[in-house]
Amino acid sequence: MEKTITLLPGDGIGPEVVTEATRVLDKIGIEFGHKFNYQTAAIGGTAVDQFEDPLPKETLDLCRESDAILLGAVGGPKWDSYPAHLRPEKGLLRIRKELQLFSNLRPVSIYNSLVSESTIKEEVVRGIDLLIVRELTGGLYFGEPSERLDVDGEEAAVDTLSYKRSEIERIVRMAFELAEVRGGKVMSVDKANVLESSRLWRQIANEIAEEFPNVTLEHMLVDNAAMQLIRNPRQFDVLVTENLFGDILSDEASMISGSLGLLPSASLSAEGPGIYEPIHGSAPDIAGKGLANPLATIASVAMMLKYAFKMELESEAIMDAINQALDSGVRTADLVYGNQEAVSTTEMTDTVLHYI
Ligand code: NAI
Ligand code: MG
């Protein structure tokens with residue numbers, strides 16, 4: 001097959017990990033007889049510097065024309081003081097909205113050889129396999145108003161958490177469809193004891209559950225979910241939640257796997273190309289030093305092959321190769337505890353390529 005992939009390297013370690021992931025794609029192309037064509041476009045701080053726009057129109061056009069999009073990460077201290085519309089993160093929010101990527105799938109599992117190295121007890125994390133389904137185009141990150149204002153003569157600010165019925169229905173339905181072909185359980189996470197938007201979310205989740213007799217639905221408050229993810233993560237199969245809660249819980253869940261540098265994601269719409277991206281940010285503290293773990297982005301490419309191109313075998317070949325690379329003992333710095341030796345970003349990819 002021949003596929004066109006838009007690369008959005010972005011800022012910080014973004015370009016480093018995207019480069020590594022394309023090396024893996026190229027190897028898959030050779031081994032399985034596919035051709036992957038790349039077109040690179042600017043997003044985030046890099047785009048602000050070049051075009052004074054964190055999401056230039058040309059970038060969006062290229063994305064729309066491609067079969068899938070691979071994103072690194074955006075942001076960094078350089079742009080922190082820029083006005084809201086020129087912030088790198090705005091580019092990310094806008095592209096998610098423009099492409100209607102309402103569903104962000106974040107699988108959480110643990111590679112065999114990392115079980116004994118986890119900061120969480122072995123018996124808690126062994127065999128973990130859960131899927132966080134994060135709503136991505138609504139909630140607090142998009143609600144209006146979101147602005148500075150004056151309240152009683154004092155400086156103040158407001159953000160808005162708002163959801164429409166249709167937005168909740170489609171993400172919860174997606175969670176149920178995924179649960180049907182997984183473990184048959186949906187955990188809907190909200191803050192229904194306090195938030196009205198959560199009470200609507202819970203009501204609609206109960207309605208959708210009626211359509212799926214083979215899937216069980218439970219509800220959990222987000223603060224309890226944060227605790228249960230560390231105490232007993234095995235109780236979860238599919239965890240569905242709103243935008244901000246999903247953002248925070250998935251960073252937390254990355255510690256089940258061992259590092260933020262391991263977790264991939266897929267941001268999908270009802271139709272049109274999806275964005276495949278690591279869940280981590282631009283990690284300015286380690287950018288340009290060859291320290292970044294490329295595995296989250298490489299695993300995101302595996303998700304792309306599976307979800308966008310229906311290349312199941314190719315996707316499995318990547319995940320198997322990651323497993324074998326880690327079995328062979330190589331560790332990037334984020335995975336090293338104690339006096340174990342760390343390998344560089346490129347060396348980690350080299351080892352993965354060796355096993356494909
Ligand atoms: P971050 O995810 O960039 O980094 C958090 C910590 O994890 C840092 O110590 C970093 O060195 C480490 N880390 C992250 N990815 C790693 C990798 N692949 N290998 C090894 N270590 C890794 O989050 P932080 O520091 O809160 O934010 C930095 C910038 O990234 C900010 O500007 C933020 O807005 C942006 N950001 C962008 C995201 C995106 O583009 N999707 C998501 C999250 C944050
Ligand atoms: Mg995050």
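Predicted model: local features only at pLDDT ≥ 70, side-chain atom pairs only at ≥ 80, totals over all residues.
**Annotated sites, helix packing and backbone geometry**

Residues are numbered from 1 along each chain as its sequence is written, and chains are lettered from A and ligands numbered from 1 in the order in which they are written.

Asp223 lies in helix α8 (residues 222-231); helices (H or I, at least four residues) and strands (E, at least two) are DSSP runs numbered from the N terminus. UniProt, in an unreviewed entry, lists Asp223, Asp247 and Asp251 under "binding site". These residues are spread over 29 residues of sequence but cluster in space, with a largest C-alpha distance of 14.4 Å. Asp251 is placed in helix α9 (residues 243-257) and counts as partly exposed, with 15 C-beta neighbours inside 10 Å. The UniProt annotation "domain: Isopropylmalate dehydrogenase-like", also from an unreviewed entry, covers residues 4-352. UniProt positions are given in the numbering used here, feature names are shortened, and annotations may be inferred rather than shown by experiment. Over residues 4-352 the chain is 41% helix and 21% strand, and the end C-alpha atoms are 23 Å apart.

Helix α6 (residues 165-180) packs against helix α7 (residues 196-209) at an angle of about 50°, with the axes 9 Å apart. Axes are lines fitted to C-alpha atoms, for helices over the stretch in contact, and angles run from 0 to 180 degrees between N-to-C directions. α6 and α7 are therefore oblique to each other; angles under 35 degrees count as roughly parallel, over 145 as roughly antiparallel, 65 to 115 as roughly perpendicular and the rest as oblique. The contact is formed by Arg165, Ile168, Glu169, Val172, Arg173 and Phe176 of α6 with Leu200, Trp201, Ile204, Ala205 and Ile208 of α7, where contact requires C-beta atoms, placed from the backbone, within 7 Å. By class, the residues of this contact are eight nonpolar, no polar and three charged. Ala, Val, Leu, Ile, Met, Phe, Trp, Tyr, Cys and Pro count as nonpolar, Asp, Glu, Lys and Arg as charged, and the others, Gly among them, as polar.

Helix α1 (residues 14-32) and helix α12 (residues 345-355) pack at about 15°, with axes 10 Å apart. That angle makes α1 roughly parallel to α12. Glu16, Glu20, Arg23, Val24 and Lys27 of α1 meet Thr345, Thr346, Thr349, Val352 and Leu353 of α12. This contact has three nonpolar, three polar and four charged residues.

In helix α4 (residues 88-98), the buried residues are Pro88, Lys90, Gly91, Leu92, Ile95 and Arg96. Their cover includes α2, α3 and β11 (264-268). Just after α4, Gln100 has a positive phi of about 55°.

Most residues other than glycine have a negative phi, and most peptide bonds are trans. Glu52, which is not a glycine, has a positive phi of about 55° and lies in the loop between α2 (45-51) and α3 (57-65). Asp152 also has a positive phi, near 50°, and is exposed, with 5 other C-beta atoms within 10 Å. The peptide bond from Glu144 to Pro145 is cis, with omega near 0°; Pro145 is found in strand β6 (residues 143-151).

Note on methods
Contact = placed C-beta atoms within 7 Å. Buried ≥ 20, exposed ≤ 12 C-beta atoms within 10 Å, placed from the backbone.
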